[in-house]
Amino acid sequence: MAILNDNRLFPAEERTREIARSLYNQIKSLPIISPHGHTDPAWYAENINFEDPAALFIIPDHYLVRMLCSQGYTHASLGVKPLDNTPYEKDPRKIWDIFAKNYHLFLGTPTRLWIDYVLSEIFEIEEELDEGSAESIYNIIDSKLKTKEFRIRNLYKRFGIEVISTTDEPNSALTHHKKIRDEWDGRVIPCFRPDSIIDPLHESFINEVDKLCRNNTTYTNYLDAIQERRLFFKEMGAVSTDHGCLEPYTAELSNKQMQGLFDKAMKGQINHGEAREFQGHMLMEMARMSIEDGLVMQIHPGVYRNHSSFVFKRFGRDKGVDIPVETEYVKALRPLLERYGHEKDLKIILFTLDDTRYTRELAPLAGYYPVLRLGPAWWFNDSPEGMMRFRESVTETAGFYNTVGFNDDTRAFLSIPARHDMARRVDASYLARLVAEHRLSMKQAERVAIDLAYNLPKESYNL
Amino acid sequence: MAILNDNRLFPAEERTREIARSLYNQIKSLPIISPHGHTDPAWYAENINFEDPAALFIIPDHYLVRMLCSQGYTHASLGVKPLDNTPYEKDPRKIWDIFAKNYHLFLGTPTRLWIDYVLSEIFEIEEELDEGSAESIYNIIDSKLKTKEFRIRNLYKRFGIEVISTTDEPNSALTHHKKIRDEWDGRVIPCFRPDSIIDPLHESFINEVDKLCRNNTTYTNYLDAIQERRLFFKEMGAVSTDHGCLEPYTAELSNKQMQGLFDKAMKGQINHGEAREFQGHMLMEMARMSIEDGLVMQIHPGVYRNHSSFVFKRFGRDKGVDIPVETEYVKALRPLLERYGHEKDLKIILFTLDDTRYTRELAPLAGYYPVLRLGPAWWFNDSPEGMMRFRESVTETAGFYNTVGFNDDTRAFLSIPARHDMARRVDASYLARLVAEHRLSMKQAERVAIDLAYNLPKESYNL
Amino acid sequence: MAILNDNRLFPAEERTREIARSLYNQIKSLPIISPHGHTDPAWYAENINFEDPAALFIIPDHYLVRMLCSQGYTHASLGVKPLDNTPYEKDPRKIWDIFAKNYHLFLGTPTRLWIDYVLSEIFEIEEELDEGSAESIYNIIDSKLKTKEFRIRNLYKRFGIEVISTTDEPNSALTHHKKIRDEWDGRVIPCFRPDSIIDPLHESFINEVDKLCRNNTTYTNYLDAIQERRLFFKEMGAVSTDHGCLEPYTAELSNKQMQGLFDKAMKGQINHGEAREFQGHMLMEMARMSIEDGLVMQIHPGVYRNHSSFVFKRFGRDKGVDIPVETEYVKALRPLLERYGHEKDLKIILFTLDDTRYTRELAPLAGYYPVLRLGPAWWFNDSPEGMMRFRESVTETAGFYNTVGFNDDTRAFLSIPARHDMARRVDASYLARLVAEHRLSMKQAERVAIDLAYNLPKESYNL
């Protein structure tokens, strides 16, 4: 039996399944638009081959690492390199074996579906991964990874990617992007992610702002320097900015207040409340600059980062211990919307990990304010049930056209086609139910399916 | 192809669909009980014909206006009259064209299903509305609207309405209701909605209380005057009061405290915290008066009204920029329930826009306190998914008999049969699933279906 | 028609139903592991016959009492004995008649499904309960209850129970458990539930701590005494502790601070904020002790107990007026997880009544921290929709293996097989959908089904 069934993720009910398959068939081969993600631009610049299976699948993937940790494995035993030079597992085969032996932990998770897709569709492996097949599958992957076909630029073409965005530090020189543009016809664009220079409590704030301001660290110069950086990103192909913050809090402060907070922040003397105000005002500044330079503004709030200080200190950021928290939007965004909510030249894409906000806050907000669009189900919600909940919760109030299609949001390059395929199957299944229940006609559903898979991401991100 | 399929909104699965259809067939022709809504009593008093299609469908409907605004249209361009005499679109055909051209925005929304119903069932139009058909459909509607068959009293009979409640200002003389009673056998009853005299921060509070108290503005006289007004409403047929508040906060203050707050409020000197206490106590007074006069008390909390001050100042209230917020019930209602929760002669119907409260707060509260009943899925949740979520969330804890059937809650008269039809189809579908899963017998489901569609609203509102 | 259909609770769709039935068939006869419940150990020690139908089904069951109260019946009329010697109904037939006459109130609730199961499967009654059949059904139950077959030890065997945990006061001498062990081969184990000695605002705190400390009430001795009690419980077979608290708040205080708070508490002078800190620290102490003695720690937070002070004063605790409230986990548990989150020898099982936390907080926490597992859908959520929501919400992030199977959590002994049967049917139905949608293979689903029904509860509770 092949691992992947052609009807996977479609509803079981025959009438609806037929409709879903028919809708899916019309969108499955559309080019991939990937307007938000975390692949490394160096990969494309150097046209790399990925390393061994452990380095490819496990060590950098916080979804996998966290699940294995939840059953008692340590980061170090999974090959995650400690910052403090304590020992860690270096043998990729040993790491792979842990993963294979525990692959049942991922039953029912999207991670398993993505990996099964990659093994089956990309590596053409027919066997199921488990303890018994671990070694032979390792060997197949390992040898294919070394081939020319598996150099990233070839994979980019094979996957049918039309454009992919990376996420980049605000002070980045974007040299990889430059090299890519000079050498290659693939479209890899940067995204301006200024968290480290906007959140005064970010551990690199002072350093990065110093770098940004080139030793002229006044608030005015700081704003000017940000604006310059945005324009540089735009010249290098960027179409968007991205803002990760604990809450989508916005506030309007006076210039004088901001100067005072800025000076405190640069001395490392700002407290939590002040930092919140500073960042709240800077989100407004980002909106203002977006109106000027046309970069689409993305807001990704609501994550308690580095919930375990032990893991943060020993292994650093993004190691699987980021936990979502309640995230209020209606009051938090009001100052921003009061000021800029009706602007013609502004687009703000809102994300959430707090799926209790879909019906109550996000759909009503996006269903009125012209500047707002809803990003797709994100991170822990980027899953069949999560994506379905998103559609079932927001469509009735915001429709389809205040959403922006799919984001794969991944650093796992090989999973990109798997993720887009899943999203297309789930959207097809949702639409199929509406058709089967005579809430949409087939013609309407076809139009929407194509818009969700291709036109909306393109248009929403000005691509 | 006709726009409406007979099986619309029923589950696709054949077994369940058959059951749903059978249940629906037994309730589809039951009279409409409409115990909560916002149609204008003047319409019935004058037996009006509605104006042109734009004035009928678009301009007064905040569901439509908000969605069109979300894609960049302004209120003024949609014919909403500014308060400040700035220009606005007056040509109904131009407004209609915008709507028709953008009708795809409503795909997947209940608004589209309601309008399709109205076009198809009420105007007998077979064509789908879009840019191409806009003009011819406009003409059909426009000419039918002028006919005798489309005078509202004839439509009332045609729709099978048994009773309909309007919502009325506390100082209203109810002259239209008087005229209706004198002239006609349709049952149009008022509902006492005292927000403007109970919320000290309401922009008309001082004026309305002055009017209410006829210049004898003491707190004692204020309470007496409210009681009198309630009795007047009751004489005019009212069976209920309705309370829109930001939170369902209740509090018990002393007479002296209330007098102090009342005096402050009448001088325009009350602050937010004080206003909250005042209103919290007044909700308790409303409950006390309900025990005396038997009016059913409805609480509709949880809306951040006029979220955009620009729209509020330029166009006024109810223009599509009301956004739900988190709404706590367990602690907020405790003072009220401590005092009156076990009263035999009191019924309180709770609504919410915060559907995260169904399982956790509202079903457990209504599943114990004898005075409480749950109103149906409201406003943004008055949709197929929203209504289904309501049943799936509350039934297991509160059963069916602590709910009150359906409210159409609309000012769009023509949509009333469409809304009741949708609710009946969704309830039939929910019950059909329970039958198909052998959680209810067919006989039990039939009883419940009829109770939800007809008996429960009648009994819950003492009709 | 028999009351119970063999396919009850399975999805209607034929393909999925077949899969569900096949999965269910493999687990339906597995022994019952009941690691958390509230049956009375005296019953097993004395090998009792249950009293009359009213005393068995209605009076002690807060699910039933609350629903009947919601429609206007009083506790006293339902046979609940007032603490103040005011009159109450003593005729079990009258109480039974109220219940039978109102049995339609339970349509669509799990309570009705449980009771139908008990009537049909345990008492072999074929008739539906209603006003007409009330008397004859009463008589059948009443006479069967008196038979040898209905003595509890025989029922225990008949139900296929392998082990059942009671819940016990911290100062209990566990004499019933001792007698059970000495006399009988059934496995009835205690669970250490120290709320009354850990929550300084518990009405028995001072008394119980005095008893615990045997008049040596210093904080140090208090801690030692708790540790001793835990060891005693463990010797008597306990595998777990259980903690009911308003919030899962944890905090680390100094020894000196705790001594101060303890002294205040013992004088009845502790305030709410201090009590919260005290209890927050004691939860940490409980975790520390669990690492030492190996007892699994259960946390059951989020209930506003005794919401009606009238009912509490007149009838006492657990009378159906406990209402869930919002319950935050990410910040509340952080001190505990910072300190003990990566311990090898600790297992903490988290429960919630706040189902809005599943996707956002609980699944992400349990999907990372090795000490955490998620308890099943609890109390108001222990229902077909509630259990399904649990699986649909947590599986994609936490998988199956960070959950612990089913808890019946009941004091209604006869409902135990009904509840496990419901849980097995719902899990089979959930898994069947995943199989039908090709998200799991049949083989994988079978493994998971057996683990959920039998292996996970056994392993999670160290049984």
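Chain B and chain C share 5 salt bridges, a salt bridge being a side-chain nitrogen of Lys or Arg within 4 Å of a carboxyl oxygen of Asp or Glu. One of them joins Glu326(C) to Arg357(B), with the closest N and O atoms 3.2 Å apart.

This is a predicted model, in which local features need pLDDT of at least 70, side-chain atom pairs count only at pLDDT 80 or more, and totals for chains, interfaces and linings use all residues. Residues are numbered from 1 along each chain as its sequence is written, and side-chain values use heavy atoms, leaving out hydrogens and water.

The table sets out the two interfaces. Contact means heavy atoms within 4.5 Å. Buried area is the accessible area (1.4 Å probe) that two parts lose on being put together, summed over both.

| Interface | Residues in contact | Buried area |
|---|---|---|
| Chain B and chain C | 44 of chain B, 50 of chain C | about 3,900 Å² |
| Chain A and chain B | 44 of chain A, 50 of chain B | about 3,900 Å² |

Start with chain B against chain C. Carbon and sulfur atoms give 53% of the buried area. In chain B, Arg360(B), Tyr368(B) and Glu396(B) lose the most area to chain C, together 20% of what that side buries.

Now chain A against chain B. Here carbon and sulfur atoms account for 52% of the buried area. On the chain A side, Arg360(A), Tyr368(A) and Glu396(A) lose the most area to chain B, together 20% of what that side buries. The count of salt bridges between chain A and chain B is 5. Arg360(A) also meets Asp354(B) in a salt bridge, at 2.6 Å from N to O.

Note on methods: Chains lettered and ligands numbered in written order.
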